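Me: I'd like to go through the aromatic contacts in this one. Can you take my questions as they come?

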Amino acid sequence: MPDSIGVAVIGAGMAGQAHAAAYRVAPTLYDPVLPPLRYVAIGDVNEQLGGHVARRYGYESAVGSWEAVAEDPAVDVVSVVVANRFHRQVVEGLLAAGKHVLCEKPLSDTLDDARAMAAAAERADTVARIGFTFRRTPGIAAVRDLIQDGTLGKVLHFSGRYWTDYGCSPKAPMSWRYKGGPGTGALADIGSHLSYVAEFLCGDIRSVAGGRLTTTIPERPLPLGSVTGHHLVEVGDEYEPVENDDYAAFSAEFAQGAGSLEVSRVAAGHPNTLTFEVFCEKGAARFNQLRPAEIELFLHEGPEATNGYRTVNLGPGHAYLGAGLAMDAPGVGFGQNDAFGYQARAFLEEVAGLDESVALPRNASFADGVHNMEILEAAVESAAHHGKKVVL
């Protein structure tokens, strides 16, 4: 086990701040203890923003380039949380510099780049992982446990959607999220999450059909300042065309059962609604990110006249929560930010060399990230050919 671990985050936007905060809380979670952490740097081309984030989360410095992080011998582990099109360059540079890398999803904006990144990770002597954060959501993990321990039994049907509204206003400013080829919009941004959640519960997706991509707002105004996360900023009179999808949907055939997946960034009134229902031989379960401290469970038990869904309040008897919160009693609120903490903790445990028998489940590999992008690419191909079936 190393004497200490130096941490840096590249990208000071919304998700970058989630990573920066997660590394601060990670040492407080579970036993055994981690080596001491050194919070070395926040990297961002917007040095003013980077400086603000470094001060807010207690990092020693802010730097204006990823190269500065790669060259810093004090840095051991790095989260990469920048625009997807920059992932390959940054990740390959960090791996070449001997850093451990946790990359945000999707792995890249093209499948070729993602495969190249996976090959680089395979060659590296350091740990390279992708953050499939919702795998760490206690409610989603609880539903998976109910499937795997036989309580719900064999999966028959999955229905999931991830609705967001960050793009619902025609005045939402142009940013990197609206640039790129088919499938790099809502499908890549939030469809990547929904597809790995579906597989986490139902097993591998074997084929995709009925693909559909739609751009409902064809142009966006250019911002007069920098855009961070999904914030609305002052815009001018000049517009640029939107290059990718506001809405995407496809059906999937799993190793067990079938299902449908639907995502949108123009769903007004839904700032962050990841929700699903999974139907099984012995019952069903459903989850909604708007109520993350509970799941709903239906089992084929008792008289039909009085049977139905019941609410299960999550607590220390469920995944991640026992010692995973300062106050881990049932009924204590928690949410998506906590999942980033569990993700960071798992990454640091692997870097520190903790045995898997006493550690959290490992984060997903770059090979898993490639597979996730192959699903998205199949949905794009299906949409381009009028919904044809695409076998993975």
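Reply: Starting with a charge over a ring: the charged end of Arg161 sits over the ring of Trp163, 4.0 Å from its centre. The term applies if NZ of Lys or CZ of Arg is within 6 Å of the ring centre and within 35 degrees of the ring normal. This is a predicted model, where local features need pLDDT of at least 70 and side-chain atom pairs count only at pLDDT 80 or more, while totals for chains, interfaces and linings use all residues. Residues are numbered from 1 along each chain as its sequence is written, and side-chain values use heavy atoms, leaving out hydrogens and water.

Me: And what lies over the face of Tyr39?

Reply: Arg24, at 4.0 Å from the ring centre.

Me: Now ring on ring. How many aromatic pairs are there in the whole structure?

Reply: A search finds nine. Rings of Phe, Tyr and Trp (its six-membered ring) pair if their centres lie within 6.5 Å; planes under 30 degrees apart count as stacked, over 60 as edge-to-face and the rest as tilted.

Me: Phe134 and Tyr162: what are the distance and the angle?

Reply: They are 5.9 Å centre to centre with 85° between the planes, an edge-to-face pair. Phe134 and Tyr162 are 28 residues apart in the chain.

Me: Is Phe134 buried or exposed?

Reply: Buried (under 20% relative accessible area, exposed being over 50% and partly exposed in between, with a 1.4 Å probe and protein chains only). Phe134 has 1% and Tyr162, also buried, 3%.

Me: Why is the pair of Tyr320 and Tyr342 stacked?

Reply: Because the planes are at 20°, with the ring centres 5.2 Å apart.

Technical notes:
Helix = DSSP H or I, 4+ residues; strand = E, 2+ residues; numbered from the N terminus.
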